[in-house]
Amino acid sequence: MESIGVLLTCPMYTNLHEQLANRFNLFKLWNFSSFQSFSQTHANSVRALVCDTKIGADANTIDSLPNLEIVSTYSVGLDKIDLKKCREKGIRVVNTPDVLTDDVADLAIALALAVFRKIPHSDGYVKNGLWKHGSDYPLTTKFSGKSVGIVGLGRIGSAIAKRAAAFGCPVSYHSRSEKPEAGSSYKYYPNILDLAANSQILVVACALTEETRHIVNRQVIDALGPNGVIINIGRGPIIDQRELVSALVEGRLGGAGLDVFENEPNVPEELMGLENVVLTPHVGTDTVETCNDMADLVIANLEAHFSGKPLLTPVL
Ligand SMILES: O=CC(=O)O
């Protein structure tokens, strides 16, 4: 397969780069001054494109690669890929579901615990020597038993539900339709406003689509209220970030644990000083174990495609 041209859109994980370079004719887009300068000389060679959550495959990129057969994203999220264009052109699309579910669900719970128990702040209290000189650390808020509302009960949402239930949290959810597999364990709300009004923690775990963009708006935030907490491990634009920031600054929302943002890597300055807000840099899947599994899946899908075998995780 050494002659097959594969284009990598941006730096990802060295293990993935190495595996791709060992098997294919790998082009790293960032080694070229622009996409135009790359495509002038190499566009015809590219049969596969590997992208991720930072730089995906837009219509212009897809149209500029006349021999493109497959887009393989090193992510479960598909929001950076023009799926309509891929469908039109008969280009296959694969992603990396399942292998990352546990890590993202773990992070959702970790963020909730971190917000309620103020773990980052109390860590600073000890490390900055304040414990020795100050009084006892102020009381925090209990997480176990809080009602959890999950937006999107897919693979990741279900894994979060399972974990939350183990903490004694009653779990409810909102999604486009009721999930028969949720049975009577989790209450379904057809309307996200009702979910928020009946939850103490709202966890955003759905995919970003035109339907879910800003689905968490001012009304939803206000329904959650001043003691409510939002956790977002999905995508930044699912929440109206301006409304989220003003609610946090004005005390209309109790706290937030955020791994994703509307304009990454830019994060609103107003969030930096808030003790009730815990921020992580879009690292839901970023453990060595999971990144190795994701890299293996990207490779296995490409190898299957180019040897005429069924794709492991087809989207299209
Ligand atoms: O955000 C991470 C992913 O989509 O895999």
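A backbone N or O atom of Gly77 lies 2.8 Å from an oxygen atom of the ligand. This is a predicted model: local features need pLDDT of at least 70, side-chain atom pairs count only at pLDDT 80 or more, and totals for chains, interfaces and linings use all residues. Residues are numbered from 1 along each chain as its sequence is written, and side-chain values use heavy atoms, with hydrogens and water left out.

**Ligand site**

| Residue | Protein atom | Distance to a ligand oxygen atom |
|---|---|---|
| Gly77 | backbone N or O | 2.8 Å |

The protein covers 90% of the 200 Å² of accessible area that the ligand has on its own (Shrake-Rupley method, 1.4 Å probe; for residues, only the protein chains shown count as cover). Around the ligand stand Thr53, Ser75, Val76, Gly77, Leu100, Arg235, His282 and Thr285, each with a heavy atom within 4 Å of it. By class, this shell holds 2 nonpolar, 5 polar and 1 charged residues. Here Ala, Val, Leu, Ile, Met, Phe, Trp, Tyr, Cys and Pro count as nonpolar, Asp, Glu, Lys and Arg as charged, and the others, Gly among them, as polar.

**Aromatic rings**

Rings of Phe, Tyr and Trp (its six-membered ring) pair if their centres lie within 6.5 Å; planes under 30 degrees apart count as stacked, over 60 as edge-to-face and the rest as tilted. The count comes to 8 aromatic pairs. Phe27 and Phe38 have ring centres 5.4 Å apart and planes at 70°, so they pair edge-to-face. The pair links distant parts of the chain: Phe27 sits in strand E2 (residues 25–28) and Phe38 in helix H2 (residues 35–42), 11 residues apart. Helices (H or I, at least four residues) and strands (E, at least two) are DSSP runs, numbered from the N terminus. Both Phe27 and Phe38 are buried. Buried means under 20% relative accessible area, exposed over 50%, and partly exposed in between (1.4 Å probe, protein chains only). Ring pairs join Phe27, Phe32, Phe35 and Phe38 into a cluster.

Elsewhere, Lys187 lies over the face of Tyr189, 5.0 Å from the ring centre. The rule asks for NZ of Lys or CZ of Arg within 6 Å of the ring centre and within 35 degrees of the ring normal.

**Backbone features**

The peptide bond from Glu264 to Pro265 is cis, with omega near 5°. Pro265 belongs to the loop between strand E11 (255–258) and strand E12 (277–279).

Asp98 is not a glycine, yet its phi is positive, at about 70°. Its loop runs between strand E5 (92–94) and helix H5 (101–116). Asp98 has 49% relative accessibility, so it counts as partly exposed.

Lys118 is likewise not a glycine and has a positive phi of about 50°. Lys118 is in the loop between H5 and helix H6 (119–127). At 22% relative accessibility, Lys118 is partly exposed.

**Helix H12**

His305 lies in helix H12 (residues 288–306). With 19% relative accessibility, His305 counts as buried. From Glu303 to Ala114 the C-alpha separation is 41 Å, and the two are 189 residues apart along the chain.

Definitions and conventions
A polar contact is a pair of N or O atoms within 3.5 Å; within protein, one must be able to donate a hydrogen and the other to accept it, and residues adjacent in sequence count only if both atoms are side-chain atoms.
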